[in-house]
Amino acid sequence: MVFSGNIFLFLFLPLTVLVYFNPFTKKCKDGGRKFKNIVLLIASLVFYAWGEPKFVFIMIASIVLNWLIGLGLGKYEKLSVRRWLLAAGLVLDLGLLFVFKYLGFTAGMFGANVSIVLPLGISFYTFQILSYVLDVYFNKDRVQKNLLLLGLYISMFPQLVAGPIVRYKEVSEELLNRQETSADITYGVRRFVYGLGKKVLFANFFAIIADYAFFSPGADSVATAWLGIICYSLQIYYDFSGYSDMAIGLGRIFGFHFPENFDYPYVSMSFTEYWRRWHMTLGRWMKDYLFYPLQKSKGFIKMGKWSKKTFGKKKGKYLPTILSLLALWLAMGFWHGANWNFVVWGLVFFVLMTFENLSGFGKKALKAATEKGFTWMKVVYHVYVIFFLLLAWVLFRAESLNVAWAYIGNMFGKTSKAFVDADFWTYLSNVKFLLPAGILLSTPLARWISNKVTKEKVKDVARAVLLLAIFVLSVLAVISESYNPFIYFNF
C-alpha cells in the first residue's frame with residue numbers, strides 16, 4: 001500500500017481517521033488515548049501486511065524480542081550483563097537485516113545463488129529499533145515497559161516503510177500525552193497534500209523520461225543522457241521528499257511531530273552542506289551512532305596520537321576523521337542496497353567530503369553559503385555540487401556498474417552516437433513546462449515568495465486555492481496513472 005494509491009487515499013486513510021477520531025473516545029478515563037494508540041497500531045500492522053502479509057510476523061517478532069532486551073537493560077545494572085544484552089540486540093537486528101538484504105549479495109561473491117525477498121522498509125524500522133536499544137543501553141532514554149507503545153513507535157504507518165527515521169525519544173512523550181489540535185490537523189493535511197503533489201505531479205512524470213534514458217537501447221545521445229539523469233535527480237528528490245512530507249503530515253494529524261527530512265538539498269554549495277539537507281534523519285543517525293562513536297573509541301584515539309607523532313600535529317589529526325568518514329560512507333552505501341553500485345556511490349561521497357575536509361573547500365563553501373548577496377564563487381560552488389551529484393545519481397540509478405559506466409560514457413560522448421537525437425526533442429517537449437517548474441520548486445523560491453506576502457488574509461486565500469488545485473490535480477493523476485512506485489521502498 002502506498003500513500004499515493006487509491007486504496008490508501010479513499011479507503012484506508014478515511015477509515016482510520018474516522019475510527020481514530022470517533023466522538024465516543026472522549027468518555028474514556030484517559031480521553032481515549034489507549035484506544036487511539038490501539039487503533040494506530042492495528043492500522044499500522046494492516047498497512048504493512050497489505051502487500052506482504054508474511055513479513056509482518058517478522059516485524060512483530062523483532063518488536064517483541066527488542067522489547068524484552070530493553071526490559072533486561074532496564075533491570076540489570078551490571079556492565080557485563082548489559083553488554084551481553086546489547087550484543088544480543090545488535091546480532092538480532094543486524095542479523096535479520098543481513099539475512100534479508102545482504103545474504104544473497106554475499107553468497108554471490110562466493111559463486112552461490114541465494115534469492116530472498118526483501119521485506120518492505122526493513123532498513124528503516126531496523127534503524128529505529130537499534131536507536132531505541134542503543135539509547136537505553138547508554139542511558140540516554142528510559143525503557144519502554146509497555147509493549148503496545150514500543151510496537152506503535154516502531155510500526156507507525158506514516159513513517160514505517162520509508163522514514164523519516166524517528167528516534168524513540170522524539171516521540172516517547174507524545175505516545176501517551178499528545179494532543180491532536182485543529183492547528184496541527186490543518187498543518188498535517190496541508191503538508192500531506194503538498195507531498196502528494198510532489199509525488200504524482202512531478203516525480204511520476206520525471207520517472208518516465210529517466211526510465212527511457214536508462215532502459216531504451218536507442219537513448220544513446222549526449223543530450224538524452226543528460227536529460228535523463230537530470231530528470232532522475234528531480235524524480236528521486238520529489239519522490240522521497242514528497243513521501244517525507246506526507247509522512248510528516250500524517251504524523252501531525254495524529255498528534256506526532258516527526259523530524260524534517262529535507263531542506264532544499266539542491267541549493268547546496270558543498271557536499272558537507274548537501275548531507276545536512278538530504279535525508280537528514282539518516283545522516284544524523286549515521287553520525288550519532290557510527291561516526292562520532294568511532295572517533296571517540298579508544299582505538300581511534302590511539303591511532304590519532306600515532307598519526308600526529310608520525311605525520312605531525314597538523315596533518316596527523318585528519319587520519320581518524322578520514323577513517324571514520326570511510327566507515328560512514330561504506331555503511332551509507334550498503335544501507336541503500338546490496339549492490340556494488342551503492343558501494344562505489346558511497347565511496348564517491350567519501351572522496352568528495354574528504355577533499356572538502358582536507359583542503360578547507362567545505363568551510364569556504366559553507367561560509368559563502370551564509371553570506372548575503374550574489375557572488376560568482378557561489379555559482380562555482382553550486383555547479384561543483386550539481387555536476388558531481390549528477391554523476392553519483394547515475395551510479396545510484398543504474399542496474400550495474402557496467403551500465404553506469406556506459407551511461408556516463410554517453411553523457412560525455414564516448415559511447416553515444418550523436419549529440420542530439422529526435423527522441424531528445426520529443427521528451428524535452430513533453431516536460432518543457434514541468435522541467436523548469438521542477439527545478440525552481442526544488443529551491444526555496446516558493447518559501448521566499450510566501451515570506452514576501454505580508455498580508456495574512458491574502459496568504460491564506462492563496463494557500464487555500466493552491467492547496468485545492470494540487471489536491472484535485474493529484475487525485476485525477478492517481479486515478480488515471482498506473483505507474484506509481486516509491487523509490488525508497490526498495491531500501
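**Getting to know a helical chain**

Q: Leaving aside neighbours within four places in sequence, which residues is L103 in contact with?
A: In this predicted model, L103 meets F98, V114 and I116 once neighbours within four places in sequence are set aside. Each of these counts as a contact because heavy atoms come within 4.5 Å.

Q: Where is L103 found?
A: L103 belongs to helix 4, which covers residues 79-109.

Q: Why does L103 count as partly exposed?
A: Its relative accessibility is 29%. Buried would need a value under 20%, and exposed a value over 50%. The value for L103 lies in between, so this residue is called partly exposed.

Q: How far apart in space are L103 and M269?
A: From C-alpha to C-alpha the distance is 38 Å, and 166 residues separate L103 and M269 in sequence.

Q: What makes S442 buried?
A: S442 has a relative accessible area of 4%. The cut-off for buried is under 20%, so S442 qualifies.

Q: Where is the place of S442, and which residues does S442 touch?
A: S442 sits in the loop that runs between helix 21 (434-441) and helix 22 (445-452). Not counting residues up to four places away in sequence, S442 touches Y237, Y238, Y264, Y266 and V267. As for A247, 195 residues away along the chain, its C-alpha atom is separated from that of S442 by 19 Å.

Q: How many helices and strands does the chain have?
A: There are 23 helices and zero strands.

Q: How many of the 491 residues count as buried?
A: The share of the 491 residues that count as buried is 51%.

Q: What makes a set of residues a nonpolar core, and which residues have the most contacts inside the largest one?
A: Such a core is made of buried nonpolar residues, including Leu and Phe, joined through side-chain atoms within 4.5 Å. The largest core here has 133 residues, and F3, F8, F157, W278 and W393 have the most contacts inside it. Helix 10 (residues 222-253) supplies the largest share of this core, 17 residues. In soluble globular proteins, nonpolar side chains tend to be buried together.

Conventions
Residues are numbered from 1 along each chain as its sequence is written. This is a predicted model: local features need pLDDT of at least 70, side-chain atom pairs count only at pLDDT 80 or more; totals for chains, interfaces and linings use all residues. Side-chain values use heavy atoms; hydrogens and water are left out. Helices (H or I, at least four residues) and strands (E, at least two) are DSSP runs, numbered from the N terminus. Buried means under 20% relative accessible area, exposed over 50%, partly exposed in between (1.4 Å probe, protein chains only).
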